[in-house]
Amino acid sequence: VTHDDPSNCGVDDGEIIISAIGGTIEYSIDGGNNWQLNGTFSNLGSGTYNVQVRNTDGTCVTIDANNPVILTAPSSPSITNVSFGDPTECSTNDGSITVTATGGSGSYDYTIANFAVGALTNTTGSFTGLAGGTYIVKIRNAADNSCEVTGQTVILTDKVQPNVTNVAKT
């Protein structure tokens, strides 16, 4: 029995391949509830699978000695906090966004996406020098670029430049 874990969070692309010798054989990965003539089981999600083989006439059920086969996908990170500071002056790019996270697999890539400036990515979660605008917060596992999670939308409000519309003199 060989297996490949799912490649990403929420993706069902895992696989179990069972090889057996004997007569005409059927294969099961759900403890014998369902059988098929092919030993390849594809499109599997994370989970526990109990492998069995038998003759197609239903005799000689053999349970794999290494049961259960456990398929594990990378775990996704979770955004625990997003704090931000608006720009302090008109047309000054000194706004900030700080993202903290937990879980996942190892370190993270943090991204804030803004239509005007594109996506800014780093591994610290701290973004400074930002202009006013709308930013979408995202995070993913850095080691394998897996399990991207989209967090909240942050709106940094720029100060409004006053305009002199009229001057009256007497």
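A surface patch, as I use the term, joins residues with over 30% relative accessible area and no salt bridge, like charges within 9 Å and nonpolar side chains (Val, Leu, Ile, Met, Phe, Trp, Tyr) within 5 Å. Asp and Glu count as negative, Lys and Arg as positive.

The model before you is predicted, so local features need pLDDT of at least 70 and side-chain atom pairs count only at pLDDT 80 or more, while totals for chains, interfaces and linings use all residues. Residues are numbered from 1 along each chain as its sequence is written, and side-chain values use heavy atoms, leaving out hydrogens and water.

One negative patch is formed by D4, D5, D12 and D13. Of these, D13 sits in the loop between β1 (2–4) and β2 (14–17); strands are DSSP runs of E with at least two residues. With a relative accessible area of 36%, D13 is partly exposed, a class lying between buried (under 20%) and exposed (over 50%), with a 1.4 Å probe and protein chains only.

I turn to salt bridges, in which a side-chain nitrogen of Lys or Arg is within 4 Å of a carboxyl oxygen of Asp or Glu. The whole structure holds 3.

E26 and R54 pair at 2.7 Å, N to O. They link strand β3 (residues 25–28) with strand β6 (residues 52–55), 28 residues apart. E26 is buried, at 13% relative accessibility.

D109 and R140 pair at 3.4 Å. Because D109 lies in strand β11 and R140 in strand β14, this bridge ties together parts 31 residues apart in sequence. D109 is buried at 12%, whereas R140 is partly exposed at 26%.

Finally, E148 and K138 meet at 4.0 Å.

Terms used: Areas by Shrake-Rupley, 256 points an atom, 1.4 Å probe, with all protein chains shown as cover. Charge placed at Lys NZ, Arg CZ, Asp CG, Glu CD. Helix = DSSP H or I, 4+ residues; strand = E, 2+ residues; numbered from the N terminus.
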